[in-house]
Amino acid sequence: MADLFASDAPAPVLSESAPLAERLRPQSLDQVIGQEHLTGPEGAIGRMVAAGRLSSLVLWGPPGTGKTTIARLLADAVGLRFAPVSAVFSGVADLKKIFAEAREHARMGQRTLLFVDEIHRFNRAQQDSFLPYVEDGTVVLVGATTENPSFELNAALLSRAQVLILNRLDATALGKMVARAEEAEGRELPLTPGAREALIASADGDGRFLLNQVETLFSIAIPEPLEPGQLAALLHRRMAVYDKDREGHYNLISALHKSLRGSDPQAALYYMARMLTAGEQPLYVLRRLVRFASEDIGLADPQALVQCLAAKDAYDFLGSPEGELAIVQACLYLATAPKSNAAYKAQKAAFRSAKDTGSLSPPKTILNAPTRLMKDIGYGKGYAYDHDAEDAFSGDDYWPEEMGAQTFYEPSPRGFEAKIAERLAYWDRLRAERRGE
């Protein structure tokens, strides 16, 4: 979706028939709604404009929050030529032409603000092509992205540009936008207060989407103010911002995982619902729940893993939407189960020890001897069969001689692991008795 008030052309004189979003395009930075933390006197952009000097920037924020508008107004505010380009439609040849034009204008004493929309869509080599022109001052680069710059932009480019984060437009900011539209139209929207709130909520923080919805309402003859249900039937709700292979995806799964770990079933259900209603594959969510069952619950409640695998089978059997209730059940079970990462820590410690110790041989007493030669050299000699021992416990030493006994797994005092801890303590006492320690 396009950015709020986006346009790659110089701002024309607009007629009354122009789209509402174009007619409401801010004409100065102080008219930009919802980004006062940047554009205000104490904000990073406000300070740059006051000083009359602009450094290269990356504007990072959700769709419809004003990235393109701010870039255009920045150029006007500090007297720079504005040269826009979209990473979706441009390649190396287009960039070379833009750089050549910028260099020619620089010779005439006019610097260029190069605005790159969706800069994250340029590959690493294309991003590198900006560097010499940014360094020698041919252009001031302002990039716009909806993706986390840490993941999508070259470190070399990031080191030369300041990252500014634009806020998702909240209900207050969107309400101001609606009021501005009503003032421009000279009339109020035909909505009840509840429907007005629903309209703002339906935009999900996207100002351009909201203005498009407002324009639709103004274009329809509506005799009586609409109720929320009538509004919903008339307009479509904006789909939640969620890209399955980008930051939104990882943010939500992280929030789900940490809500489960924090034993908050309500928050866990919310984040899981966010993912599923935005189109995430249920089997992906189930895989993360299975992982959580082992990593954060483990033997504190051995049924946690069973519940998750049963939910996976139930979903495979029922499909959507019926099978999603089984995923909800597994989610609630995990959130309310006792927590322990003892198995996870034991895995890491054991794997680290296995790598460090290499190929140490186990004691010959516990090695099978399927051949005569192996028997002759002592394989299996002296092995104590535990079932023949008192308490079915021999207390033998099973560790390589060069290594000695280690402790990887230390059960927590929670849930079923409390009983496991009692068993381990019991076996430790018997082991000491059998060895005369």
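Predicted model: local features only at pLDDT ≥ 70, side-chain atom pairs only at ≥ 80, totals over all residues.
Helices and strands here are DSSP runs, numbered from the N terminus. Ser263 has a phi near 55°, a positive value in a residue other than glycine. That deserves a second look, because most residues other than glycine have a negative phi. Ser263 is partly exposed, with a relative accessible area of 38%.

Let's step back to the whole chain. It contains 21 helices and five strands. Its radius of gyration is 32 Å, well over the 22 Å that the globule rule gives for 437 residues, so the chain is more spread out than a compact globule. Along the principal axes, the C-alpha trace spans about 100 × 60 × 40 Å. Buried residues make up 42% of the 437 residues. Among contacts with a separation of 6 or more, 74% are between residues 24 or more positions apart. The accessible surface comes to about 23,600 Å², and carbon and sulfur atoms account for 53% of that.

Now to helix 4, residues 67-78. Its twelve residues reach 17 Å from the first C-alpha to the last, close to the 16 Å expected at 1.5 Å a residue. Ten of the twelve are buried, so helix 4 is largely enclosed by the rest of the structure. The buried set includes Lys67, Arg72 and Val78. What covers these buried residues includes helix 2 (36-39) and helix 3 (44-51), along with strand 1 (57-60), strand 2 (81-86), strand 3 (112-117) and strand 4 (139-145). Just after helix 4 comes Gly79, with a positive phi of about 70°.

The remaining strand to visit is strand 5 (residues 162-165), where you will find Val163. Val163 is partly exposed, at a relative accessible area of 35%. Leaving aside neighbours within four places in sequence, Val163 is in contact with Val58, Trp60, Pro149 and Leu158. For a sense of distance, take Gly319, which is 156 residues from Val163 along the chain: the two C-alpha atoms are separated by 43 Å.

Arg208 is buried at 11% relative accessible area, and Glu22 is buried at 18%.

How many salt bridges does a search of the whole structure find? The count is 20. One of them joins the side chains of Asp296 and Arg261, at 2.6 Å, N to O. Asp296 lies in helix 16 (residues 282-297) and Arg261 in helix 14, so the pair ties together parts that are 35 residues apart in sequence. Asp296 is buried, with a relative accessible area of 6%, whereas Arg261 is partly exposed at 37%. Both belong to a network of salt bridges that also links Arg291 and Glu295. Elsewhere, the side chains of Arg121 and Glu118 meet in a salt bridge at 2.7 Å, N to O. Glu118 counts as partly exposed, at 25% relative accessibility.

The peptide bond from Ser320 to Pro321 is cis, with omega near 0°; for context, most peptide bonds are trans. Pro321 sits in the loop between helix 17 (303-318) and helix 18 (324-336). Further along, Asp391 has a phi near 65°, a positive value in a residue other than glycine. Asp391 lies in the loop between helix 20 and helix 21, and counts as partly exposed at 45% relative accessibility.

The loop between helix 20 (372-376) and helix 21 (416-434) also holds Tyr383. Tyr383 counts as partly exposed, at 41% relative accessibility. Together with Tyr385 and Tyr398, Tyr383 makes a nonpolar surface patch of about 320 Å².

Conventions. Residues numbered from 1 in each chain as written. Heavy atoms only, no water. Helix = DSSP H or I, 4+ residues; strand = E, 2+ residues; numbered from the N terminus. Expected span 1.5 Å × (residues − 1). Buried < 20%, exposed > 50% of the residue type's maximum accessible area, 1.4 Å probe, protein only. Contact = heavy atoms within 4.5 Å. Patch = residues over 30% accessible without salt bridge, like charges linked within 9 Å, V, L, I, M, F, W, Y side chains within 5 Å. Areas by Shrake-Rupley, 256 points an atom, 1.4 Å probe, with all protein chains shown as cover. Salt bridge = Lys/Arg side-chain N within 4 Å of Asp/Glu carboxyl O. Rg over C-alpha atoms; globule rule 2.2 N^0.38 Å.
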